[in-house]
Amino acid sequence: MSSHSAVEESREAMRLADANPARSVPAARRALRRAERERDAEAVAVAEQAWGHALMQTGAVDDAIRHLRRSVRYGERAGRPEIAAQSRMKMAFVLAQRGSTRSALREVDAAIAVLTGRAGAQARAQRGAILYHIGRLDEAFADYRAAVPALRRAGDRLGVQRTIVNRGLLQAERHDFEAARRDLAEADAIARDLGRELAVGIITGNTGYVAGLRGDVPAALAAFEEAERIITGQGGQVAAVLQDRAALLLSVGLMTEARHAAERAVEAFRRHGRRLKVPEMQLLLAQVALSERDWPTAAAHARTALRAFGRQGRARWVALSRAALLQATLGSGEPDRAAARDIDATVATLAATGRPLAAVQARLDAARLAELRGRPEAAARYRAEAARVRRRGPATLRARGWYAEALARRAAGDTAGALRAARNGLRVLDEHHAALAASDLRAYSAAHRAELVDVGLRIALAEGRPSAVFEWAERGRASRLLVRPVRPPDDPLLAALLPKLRATTAELDRRARRGGRPVGSCAARSSWSAASATGVGCCGLTGMSGSGLRRPGLRELGPSGAGLSGLSRLGRCGWGSCRPCWVIGCWSSTSRSMVECWRCPWWTVGWSGTTSRR
């Protein structure tokens, strides 16, 4: 009676750990004291398992591992290898979250060797979750595919709910959004039916993640807010929600908000001991800083992430961090020696692990590095390698290939070819901007467009052709019209087709892993911002209108670079004799304001400054 009651009390604490982790810890503590008092090794093993599982749910990772190890020892001492194996299975996931992925896979493999039936299916599902987190998606999907039918046959609704949540996320990563929606909807229904409020919060956060991938930003942000409310109320971990929110905000160009969410995520992951995820957020912070051209901050975050990924043995992430570090240090004018030395290995790893866009950028950075070192032949080789992707793959990848081709042509003195390549790259982006899917593609597509414009604008300035300067400036201005919408299209057919198009581009990425149209004038309703983006200097077109019209000329209006903020606005002409008309200008903090009238007898199109930023 006594022994049986001790085991039952421990099992009740284990059941409570799933439904309410905060209440489970004191229950597990009471069960453990009773089991130790009665010298019941089996009851001790179950109570320690319950305690460790509850701590795992609330983020006390190191303490969770300690209790789960004790559960393994007592389970083996009691002659109950299945209890020890179940604790190994749980410990494997905690070890993976802490960043000890090799140890995690050893523990879960040991559990799978012992467990059969329902418990064996649970272990397969747990291994799938670990493989998913370290990026081995095909192996993870195979484990999920084997586990779900076995769990259904066993009537394990809780096991089904946990597994199909993870499978839904994997389906979303593959852009099979309908399959992801079905999995998450079923998981949500099961969790609510079982009274698992914490799981409901986690699933809500995952639903937000999928909405973000589909392109419905408001729905995603609303889901993240609701998930954070539920999870916080249940004493759970909100770090993963913050991570997804930061990535979404980066994807739509809200850099300040993305940085704030990422910093909160880093703090939360550290507080919960989930060291596996901390460097991922540090790399995201590096990407934010790169977008803002804050080279020192980007380099600092990339270095920190690089060291952590190296300790975790995550080769793809090491390569991404090394590439970000080289890009940041090149931007500051002092390329990192280690990142520069390993550039060829970095490119190879990125290309082999399904990051073709990052591989192209790394080759372009390698070309810049070679030029700095006085090796023009090596620079030409890197650019030629980068340009090979210009005719295949997703739109952003092809546009980047055309940019590499434009740089290669310009370096070879073929300015006409460089301009053709730049126009081709712009045409690809203009035609396909609605289909961009991944957060890194969305965040950098505008920057890629500005760099293509930069090639044309620099050539036009060097040749002294005002009409060409104006053409390329207009192309730069047109990028403001390509802001990614925050919701899917209202047209239901288009809304359904866009995710499929994104899925197709993702499939092109996976297959690659294996084996300019004139924009026209936008009149004067927005600022001429290309020169601010490219740093080519302050120049203007001058001329006359009406009967005194003459060929426009090109003249210098001010020094290059310093002080131009790129901030623009609309105003009215100061000429007393003319009717109201639009004026365009750019304001800085270093000079007096000068506005340019589009309709008055004498006009200038160029840069000006003011001491105020309105």
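Author: In this predicted model, the residues of helix 9 that meet helix 10 are R157, V160, Q161, I164, V165, R167, G168, Q171 and A172. Their partners in helix 10 are F177, A179, A180, D183, L184, E186, A187, I190, A191 and D193. Sorted by class, this contact comprises eleven nonpolar, three polar and five charged residues. The listed residues of helix 9 include V160 and I164, as well as V165 and G168. An α-helix has 3.6 residues a turn, so residues three or four places apart point the same way.

The geometry of the pair may be considered next. Two packed helices are described by the angle between their axes and the distance between the axes. Helix 9 spans residues 157–173 and helix 10 spans residues 177–193; the angle between them is about 155°, and their axes lie 8 Å apart. An angle over 145 degrees counts as roughly antiparallel, and helix 9 and helix 10 are therefore roughly antiparallel to each other. Their crossing is left-handed.

The axes of helix 3 and helix 5, the latter covering residues 81–98, come within 10 Å and cross at roughly 15°. Since angles under 35 degrees count as roughly parallel, helix 3 and helix 5 are therefore roughly parallel to each other. The crossing of helix 3 and helix 5 is left-handed. On the side of helix 3, the residues in contact are E42, A45, V46, Q49, H53 and M56; on the side of helix 5, they are I83, Q86, S87, K90, F93 and V94. By class, six residues of this contact are nonpolar, four are polar and two are charged.

R39 lies in the loop between helix 2 (21–37) and helix 3 (41–58). The phi angle of R39 is near 55°, a positive value in a residue other than glycine. With a relative accessibility of 79%, R39 counts as exposed, because the cut-off for that term is over 50%. Another such loop joins helix 15 (278–291) and helix 16 (295–312), and R293 is found there. R293 likewise is not a glycine and has a positive phi, near 60°. The relative accessible area of R293 is 57%, and R293 is therefore exposed.

The discussion now turns to buried positions. G208 belongs to helix 11, which covers residues 197–214. At 0% relative accessibility, G208 counts as buried. Apart from its neighbours within four places in sequence, G208 is in contact with A220, A223 and F224. The C-alpha atom of G208 is separated by 8.2 Å from that of D244, although the two residues are 36 places apart along the chain.

Helix 13 (residues 239–251) is built from 13 residues, and the distance from its first C-alpha to its last is 18 Å, close to the 18 Å expected at 1.5 Å a residue. Helix 13 is mostly covered, with eleven of its 13 residues buried. Just after helix 13, G253 adopts a positive phi of about 80°.

Definitions and conventions:
Residues numbered from 1 in each chain as written. Predicted model: local features only at pLDDT ≥ 70, side-chain atom pairs only at ≥ 80, totals over all residues. Heavy atoms only, no water. Axes fitted to C-alpha atoms, helices over the stretch in contact; angles between N-to-C directions. Helix = DSSP H or I, 4+ residues; strand = E, 2+ residues; numbered from the N terminus. Parallel < 35°, antiparallel > 145°, perpendicular 65-115°, else oblique. Left-handed = near helix turned anticlockwise from the far one by under 90°. Contact = heavy atoms within 4.5 Å. Nonpolar A, V, L, I, M, F, W, Y, C, P; charged D, E, K, R; others polar. Expected span 1.5 Å × (residues − 1). Buried < 20%, exposed > 50% of the residue type's maximum accessible area, 1.4 Å probe, protein only.
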